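I opened the notebook to look up strand pairing, the core and the aromatic rings. My entries follow in the order I made them.

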Amino acid sequence: MNARTTRTLAAALSLTAALAISGCSSDSGSDGEKSGKPEMKVSGAFMPEPVNDQMAGGFMVIENASGTADKLTGVTSPLSGDVQVHETKNQKMQQVQTMDVPAKGELKLERGGNHVMFMGLKNKPKVGDKVAVELRFEKADPVKVELEVKERTYNPQNDASH
């Protein structure tokens, strides 16, 4: 074997090893983890039927299955030009600019706790309607969700089908 053949063989082996190593690591995790962005999934999204056209609440669970923490930074909806994120502390609600969505965890927006608030509704949705919203995050791509309008007394913890 001459020196040129040896170099060619060494280069081919190095390339094969590099491809094998990169192939093993690139398929672990979701598409969101490959791109470095968390991927959010939403479940249980609903809005109790509003009493009037002044305000309404929105509730859901935002799940972050990735290993990267993120923050909910805003919510928009055609129903209202002023959609706010509220936290509830010591039985008082207040608007916040962001809300944490932990890595491999979830952010629960629920009655009596943290929630989305729609101020100055453009119309008053009825039971059975769907309200479109877009959730915006610091790192993850925006997520479009439909909130199903439920009876005012609806409580997902008491829902037998849940």
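**Strand pairing.** I began with β2 and β7, which run antiparallel and are joined by five bridges. Strands pair if DSSP finds at least two bridges between them. I looked up E63 and found E106 in β7 as its bridge partner. Helices (H or I, at least four residues) and strands (E, at least two) are DSSP runs, numbered from the N terminus.

**Ground rules.** I am working on a predicted model, where local features need pLDDT of at least 70, side-chain atom pairs count only at pLDDT 80 or more, and totals for chains, interfaces and linings use all residues. Residues are numbered from 1 along each chain as its sequence is written, and side-chain values use heavy atoms, leaving out hydrogens and water.

**Overview.** I noted two helices and 10 strands. Along the sequence the pattern is α-α-β-β-β-β-β-β-β-β-β-β. Of the 162 residues, 33% are buried (under 20% relative accessible area; exposed is over 50%, partly exposed in between; 1.4 Å probe, protein chains only).

**Faces of β7.** Which residues of β7 are on the covered face? I found G105, L107 and L109 there, with E106 and K108 on the uncovered one. In a regular strand, side chains alternate between the two faces of the sheet.

**Core.** I checked the largest nonpolar core, which has 28 residues. Such a core is a set of buried Ala, Val, Leu, Ile, Met, Phe, Trp, Tyr and Cys residues joined through side-chain atoms within 4.5 Å. I62, L72, F118, F137 and L147 have the most contacts inside it. I then listed the contacts of I62 (heavy atoms within 4.5 Å), leaving aside neighbours within four places in sequence; among them are M40, V42, L72, G105, L107, L109 and F137.

**Aromatic rings.** I counted two aromatic pairs. Rings of Phe, Tyr and Trp (its six-membered ring) pair if their centres lie within 6.5 Å; planes under 30 degrees apart count as stacked, over 60 as edge-to-face and the rest as tilted. F46 and F59 are tilted, 5.3 Å centre to centre and 35 degrees between the planes. F46 lies in β1 and F59 in β2, so this pair ties together parts 13 residues apart in sequence. F46 is buried at 4% relative accessibility, and F59 at 8%. F46 and Y154 are edge-to-face, at 4.8 Å and 80 degrees. Y154 lies in the segment after β10, so that pair ties together parts 108 residues apart in sequence. I logged F46, F59 and Y154 as one aromatic cluster.
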